[in-house]
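Hi everyone, thanks for coming. I'd like to walk you through one structure today, so please have a look at it first.

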Amino acid sequence: MTRHVEDRPDEARTNIADDISDELPELSFDDHRFAARPSRLRPKARRREDDASPITPPFEPVGSNRAYVDWLEDQSMLHDATQVSRQLAGTHAMWANPYAHPDPRAALAQASVWYTAYPLSHITEPGTSFLGALGSAELWEAFSQIGIDALHTGPVKLAGGLDGWEPTPSVDGHFDRMSMAIDPLFGTEAEFRAMCETAARHNGTVIDDVVPGHTGKGADFRLAELNYRDYPGIYHMIDIPRAAWHLLPDVPEGRDSVNLSTEAEEALAEEGYIIGALQRVIFYEPGVKETNWSCTPPITDTKGKVRRWVYLHYFKEGQPTINWLDPTCAGMRLVMGDALHSLLDLGSGGLRLDANGFLGVEKTYGQSPAWSEGHPMSQAANQLIGSLVRKVGGFTFQELNLGIDDIQRTGAVGPDLSYDFITRPAAQVALCTADTEFLRLVLREAMELGIDQASLVHALQNHDELTYELVHFAAAHRDDIYTLGGEEFTGAELAHHIRQVMRDKLTGDAAPYNSVFTQNGIVSTTASIVTATLGITDLDAITDADVRRITSAHLLMCMYNAWQPGVFALSGWDLVGALPLDRDQVRALISSGDTRWIERGAYDVLGSAPDVKKSSSGMPRARTLYGPIPEQLKRETSFASRLAAILKVRKRNGLASAKLIDIPEVGNKSLLVLVNELEIGAIQITALNFSAEKIEARIQSEHLPTGRAFDLSTRRKVGTVDDLRGFSVELPAFGGLAMIIRD
């Protein structure tokens, strides 16, 4: 077994370190690859002046009341988008940056290790807002110690809807945006700008969200219902003639819409009013959401005409879909203005594109569902958004749960980066089965289809469930033949098989604390994926020894995601080792079937409020295994300290901007080997053991040159490439090595 430098006496360690420094020079890319980061050349634009205030509302909220209509217009995103856009027209700085083509490595140069926050779950000290806490120097100093250089805030703008003058709650964790204004629950615009300034002082970047797929039911939607000016053009909404109202269901008292049944959807499609069923129903729930269409009750518009509308929503009923091909271009104008506000007014450096794969729908012939996924309109719209953001010096990333082909096509013209919906579930399968075969299959499939791993955001957890992401196999490649475990599967059969493996290993009797979420995936935290893998069925029975094993397996997933090209992202839940909430703690939130709330427990990354039981939004505090970051950084064996060592290897050797060139066959099913080519031309190897047992690993690839293999963590020689272009190493349980081949 190879002895480590740390196991030897101090004197010997010093001598060895001197020998190594002579033998293997320090590999640092930052100084010669990137000059000091220039300040961004960006124009400035304000959404509204500081003294702007809404009209007071002592009037009846109906379309015939001009004061109410004017108030709605003042609150609307389309109105704010117009104000921002007019300030930028004719500005010379709008031509300062190249924008035609996505540039993932330029985005990586700005930010390659991301912390993903979730506003509803962040615990702050009393009197400090979410944005105030994220802008604290203490947090960014901790981020610098770990190696984090970007912060994705999550959705912080006003969300939900309006009922007359009164706001209604968000129906999807603030992803149903209804305003460009910051929600006071999370802080102020001034605090957002201050956060961006603090990040910049620590060579960091703040990443915000823009939602090109839908809005909430705020002022824009209410004005659309009132048929006011361009507002109906924002949405896929159809004014149903009174003669066809018998095809619409009644809307119960107290509701502003009701989901169409499949029978009503079919009847309206047959009459030519709507395009009918789409390729799938996301968030399908019997009696709640059976189709992607809902209808309104009778509404009197601003001209006194009574109308009933049917509108499209890919997601929940409170998230009406934006129309990207309307003659008014109102939806396009709204989204573009929202993006510019975030970048040029608030000061963010990048944007997440939410629901950006569902921007075009088209009627098909016969009994086929409407074309709604992989539509060219989505690519065109994404190209416009990505180009505009690059034009003002920012970058975008997409969170696109579609086939690998769709991710590649959209990423080729639109966003700079794509969320890794390709390999994340496959890595989880590798962990819970100690078998990397499916992961290797998926990585090779992505390579063959032209995916550049450096264009992907490899993330552990975000606000959503850990989705199956098997659309690639279940849809476009459903009839293709794949081999797994010596058996042949069609794509559809393979998707079903893997889905069942995940359910069996990660939910039910194996892990009753996790949950299946509709047809989409597994509700869990990364830590509870690990506990299920380790056979822990009772979270209350976790011992100190268990925590050490959980930490090692969790760090293995960090190594997998960080020691390959692309962005590495992790959440607050990951940093503190959060476990799922008990269902009784969020009973009201999950009553409609949205079990994702059990994974969104509140966390306190800085340990600022140890006695607080809930976040300011009311999320109960989750049980955590690792503790606050400052305490972890005092201990070399903690999760955060060991993560910092992993990220140091990544940064020092330029792994983020490398190119994946081979996923070789392996002699042990729990072994994964990734062969990368660094930008300096050297060959780098990542070897990972996805099992709970130590293994001897043979690493072999035709891409390995003659030379010696060095461990990039210890800088010690670990082997010599032989005539068969391979060498052997030992890997501990849930262990990994990042290596480089040198002459």
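Let me start with a definition: contact here means heavy atoms within 4.5 Å. Helices (H or I, at least four residues) and strands (E, at least two) are DSSP runs, numbered from the N terminus. Axes are lines fitted to C-alpha atoms, for helices over the stretch in contact, and angles run from 0 to 180 degrees between N-to-C directions.

What we have is a predicted model, where local features need pLDDT of at least 70, side-chain atom pairs count only at pLDDT 80 or more, and totals for chains, interfaces and linings use all residues. Residues are numbered from 1 along each chain as its sequence is written, and side-chain values use heavy atoms, leaving out hydrogens and water.

Now, helix α19 (residues 544-562) lies across β24 (671-677), β25 (683-689) and β30 (736-742), at about 155° to β25.

Which order do the strands of the open sheet follow? The six run β23-β24-β25-β30-β27-β28, with antiparallel pairing; two strands pair if DSSP finds at least two bridges between them. At the edges sit β23 (659-662) and β28 (717-720), each pairing on one side only. From one strand to the next, the twist averages 30°. Strand β27 (residues 708-711) pairs with β28 over three bridges, and F710 has K717 in β28 as its bridge partner.
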